[in-house]
Amino acid sequence: MKSSVFVLFFVLAFSLCLAQGVYAAEWTFMVYLDADNDLESYGVDDFLEMASVGSDANVNIVVQFDRIPGYSTAYGDWKNAQRFLVAKSMTPTVANAISDWGDGSGGREVNMADPQTLIDFVKWGMDNYPANNYAVILWNHGGGWRSPELTEKINKAICWDDTSGGDSLYTNELQSALQTIETDRVQVTLLGFDACLMGMVEVAYEVKDLATVMVGSEETEPGDGWPYNTLLADLAAAPAMTANDLAVVIVNRYGQSYGPNSDTTQSAIDLSMMNTLSYAINNFAVAMDSNRSEIAAARAASQEYTYPQHIDLYHFAGLVSTGVSDPDIQNAALNVMTAVDSTVFAEFHGTPSANSHGLAIYFPETEISFDPDYNGTVIDFPAYTQWDEFLNWFYNFTEPVVTQTITPPSVTTIPSGGLLGAFTVTLTNNTGSTYSFYSRDYTIMPDGTTTSRRPALMRLRGNETKTITRQINRPWVNPGTYTYGIQLTNAQGGVLDDDSFNFTVTSGLSR
Amino acid sequence: MNTAPKFISFTLLSCAGFFLFFLSPPAISVTQAEDEKLNTAEYHSIAELIKDVQQFKEKLIAIRGQYLGWRGGDIPHPGITRSDWIIKDKTGAIYVTGKTSAGLSEKDIGVEIIVKGKLLLSKDLIPYIQALEVIKTATSK
């Protein structure tokens, strides 16, 4: 009787575990090791790093390793793709590889840039090595927005496969692959990019709903990539760690591996925060509709990476917040910085990239470097935010022929019947030629009505800047808040610039 | 306003532009501000550099060749970062690393470029160029 109860209890407990997805292993760490390119020897080195730890009851280390003719000849110089359950001290030989991928045969030539190849590997890993958490690491080159062929959409890509015509896995293909994996099995817990230049807002946005955590680098990665020996040793020592914990381990071990003087970066991104961050970026993009020269100065001073079209988002926002006087832009910039802080929960950078904060964004300094395929038909981020519209505004902005800056009176609150103090108007001709234009003063009264004076014809020599001190010699009687402004127009009536200041007339006191 | 300094600057720039246009190698389209130091870089073939690495190590040099991206050249793996790329001339090929402003992408594979930079050795003793300037020449497609 007792034994029957025990068996029943065991069966029930086992069934409950299966139903809740609780497996013997805590983690299955899957590395999609695409060394079918010039990085082959680094792939061999990284496999050996993984094998220095090896799988155990709590952590499965599973690798799909694709190699290439030429380059490294190590371990039998095999040239196709092999799958491994990496055991301690294992070497990457065909004899050690898994001989049956579930379809009766083992290693074969595959196109690692084909999303179906990634889907097949991850689903196979989940089926054969079930665990509570799944890490999927894409090991390869990472690039900017580029295309092997001019006819193709240019898109940010990873996983170049040289023996498959130099094909690469585009960001939107990665998204669809992860979606299929989630639909057919479960969501990936941690998505890692052991590749260059993938720590970008655009990449994180593309995968934001398809994993819990993303790990990637804003800057290029050294050929040696991630230090699998140390980070997997940490995982093996504490296999119950969460995805966030593992991401922190990866970032910290990477930083320790290369040191503070290296030109390296690595960061961990909480993908659940990407909607909040993109909302803040969208507002920032919308707010930046003036102060173009100050924004350009901030852009020029921003932390760039090996692809100079990529800049650190936080650093740029910080420079805008201090370099622009418009409070709307300042607040929007500060909100972006706060959102980045909430999204990036672990970050490392060496001194050459001192102003890195974990997430880069696409912002070529000039339109010549801007890729028109950075748009919402290719990836999601520009489709769902105004960032590309901001870039379009930034590149197509033309400085007005004449600009002005008004410095308000030192006292902007006066008693009823009082006179407003002097203010200055600085006018600049931004062309090299003499230019004539009209200047019209206007006042917006407390009741909202507007009064204006007759336009005055003015002229500035080429590149001339002139500062005029103005005084309005009439008393202001009615209490309330006024706006005093000056509008500059060309001969056709087109507005060149418009600047104004507010002042308040108080009641109870009179001359 | 005193416009004399601006006039002098304009004159100097015009003269500099004249000399750049007529005295630079004719195939080069100058797309970046010319750095005085970079202009002193001596042109060498890749074979020359690799043959006598010790002589050229840490020196400022210039190479004219084809941009190959990550493929070709029949040389060992990249020495520094995974994004290092290859330049090839008639005598050989070498990896290039470092920030560039030429905006090279896979669209540019096969185009003629000039790389100015320092010859260095990776930890695996692979010679590579630390690029300081990359220029697409006028003959580039």
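Two strands count as paired if DSSP finds at least two bridges between them. I took helices (H or I, at least four residues) and strands (E, at least two) as DSSP runs, numbered from the N terminus.

**Entry 1: the model.** I note that this is a predicted model, in which local features need pLDDT of at least 70, side-chain atom pairs count only at pLDDT 80 or more, and totals for chains, interfaces and linings use all residues. Residues are numbered from 1 along each chain as its sequence is written, while chains are lettered from A and ligands numbered from 1 in the order in which they are written.

**Entry 2: the open sheet.** I looked up a sheet of three strands in chain A and found it open, with antiparallel pairing in the order S14-S16-S20. Strand S14 (402-407) and strand S20 (465-470) of chain A each have a single partner strand and stand at the edges, so one side of each lacks a neighbour in the sheet. Direction ignored, neighbouring strands here are turned by 20° against each other on average; the axes are lines fitted to C-alpha atoms, and angles run from 0 to 180 degrees between N-to-C directions. I then followed strand S16 (423-429) of chain A, which is joined to S20(A) by six bridges. Thr426(A) has Thr467(A) as its bridge partner in S20(A).

**Entry 3: strand S4.** I checked burial next, calling a residue buried if 20 or more other C-beta atoms, placed from the backbone, lie within 10 Å of its own, exposed if 12 or fewer, and partly exposed in between. In strand S4 (131-139) of chain A, eight of the nine residues are buried. S4(A) pairs with S1(A) in the parallel sense over eight bridges, and Thr28(A) stands opposite Tyr134(A). Five bridges join S4(A) to strand S8 (188-194) of chain A, also in parallel; there Ala135(A) stands opposite Leu190(A).

**Entry 4: helix H6.** Which residues of helix H6 (228-237) of chain A are buried? I found Tyr228(A), Leu231(A), Leu232(A) and Leu235(A). They lie on the same side of H6(A) because they cover an arc of only 95° around the axis, the arc being that of the directions from the helix axis to the C-beta atoms.

**Entry 5: confidence.** I read pLDDT as the predictor's confidence in each residue, from 0 to 100. Chain A averages 91, and 92% of the residues score at least 70. Over residues 16-20 of chain A the pLDDT is below 50, and this stretch has one contact beyond near neighbours in sequence, a contact meaning C-beta atoms, placed from the backbone, within 7 Å.

Notes. Contact = placed C-beta atoms within 7 Å.
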